[in-house]
Amino acid sequence: MKDDSKEKDQSKSQSSLVDKIQQLGQSNVPQPADSNIHVLPIIGQVEGHVQLPSQNKTTKYEHLIPQLIAIEQNPKIEGLVVLLNTVGGDVEAGLAISEMISSLSKPTVSIVLGGGHSIGVPIAVSADYSFIVETATMTIHPIRMTGLVIGVPQTFEYMDKMQDRVISFVTRHSNVAEDKFKELMFDKGNLTRDIGTNVVGQQAVDHGLIDAVGGVKEAMSKLNELIEHNKGSDQQVVQ
């Protein structure tokens, strides 16, 4: 009986090791200590109501929304870091995620790594404080529609209203002026095959889209500062 239990334990550890190698490419994965900060990665393409092909890296909004509710309800979690490396994706799903992050009662910080394109822009600015690394880019362009398009004025009006929702959210949650954001969105000649603007690192800060240039160290430092400030505010309310 003892030999059987040993064999079972060995097979479990081997299968766990195989899973780590398959998923992460390494056998020993560093484990974070019990932390009061939750990390939420948003990578690849933000997937909406239509499932994308299996070869696409996607972030599914139906996975993120329950996580955000759990973060709000969990008393052990005191802050949230949103890591962004996304090409954009579904507009409504991206706005839903953005609204969820902005409505959290707990301090939030975002970091744009690699890219925070298209609908990734509202997600990046939805946090209380946003960072971008020096080499990261953000593409700002008008919304696009895929699939069947009916050639009637109502189609244009629908897209125009949806675009206004994006513009309104970004300008409310960042320091960029509405006129400036529209100028970046409709600029010609900046992108070779599209209308819009590609901003890199410091440029995003200069335009008022992102709060500061920085990476993990700066983001964690800022989030801890916001958490302490939040605790102080709570104590004042209790008194």
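Helix α3 has twelve residues and reaches 16 Å from its first C-alpha to its last, close to the 16 Å expected at 1.5 Å a residue, the expected span being 1.5 Å times one less than the number of residues. Helices here are DSSP runs of H or I with at least four residues, strands are runs of E with at least two, and both are numbered from the N terminus. The model is a predicted one, in which local features need pLDDT of at least 70 and side-chain atom pairs count only at pLDDT 80 or more, while totals for chains, interfaces and linings use all residues. Residues are numbered from 1 along each chain as its sequence is written, and side-chain values use heavy atoms, with hydrogens and water left out.

In α3, the buried residues (under 20% relative accessible area, with exposed meaning over 50% and partly exposed in between, for a 1.4 Å probe and protein chains only) are Val91, Ala93, Gly94, Leu95, Ile97, Ser98, Met100 and Ile101. Their cover includes β1, α2, β3, β4 (108–116), α4 and α5 (153–172), where contact means heavy atoms within 4.5 Å.

Helix α2, formed by residues 61–73, has 13 residues and reaches 19 Å between its first and last C-alpha, close to the 18 Å expected. Its buried residues are Tyr61, Leu64, Leu68 and Ile71. These residues lie on the same side of α2 because they cover an arc of only 80° around the axis, the arc being that of the directions from the helix axis to the C-beta atoms. Among the elements that cover them are β1 (37–47), β2 (58–60), β3 (79–89) and α3 (91–102).

The two helices, α2 and α3, pack at an angle of about 10° with their axes 10 Å apart, and α2 is therefore roughly parallel to α3 (angles under 35 degrees count as roughly parallel, over 145 as roughly antiparallel, 65 to 115 as roughly perpendicular and the rest as oblique). The contact is made by Tyr61, Leu64, Ile65, Leu68 and Ile69 of α2 together with Ala93, Ala96, Ile97, Met100 and Ile101 of α3.

Valine 125 lies in helix α4, residues 120–125, and is buried, with a relative accessible area of 2%. Leaving aside residues up to four places away in sequence, valine 125 touches Phe169, Val170, His173, Ser174 and Leu209. The C-alpha atoms of valine 125 and serine 174 are separated by 5.9 Å, although these residues are 49 residues apart along the chain.

Serine 118, in the loop between β4 and α4, is partly exposed, with a relative accessible area of 24%. Serine 118 has a positive phi of about 55° although it is not a glycine.

Definitions and conventions: Axes are lines fitted to C-alpha atoms, for helices over the stretch in contact, and angles run from 0 to 180 degrees between N-to-C directions.
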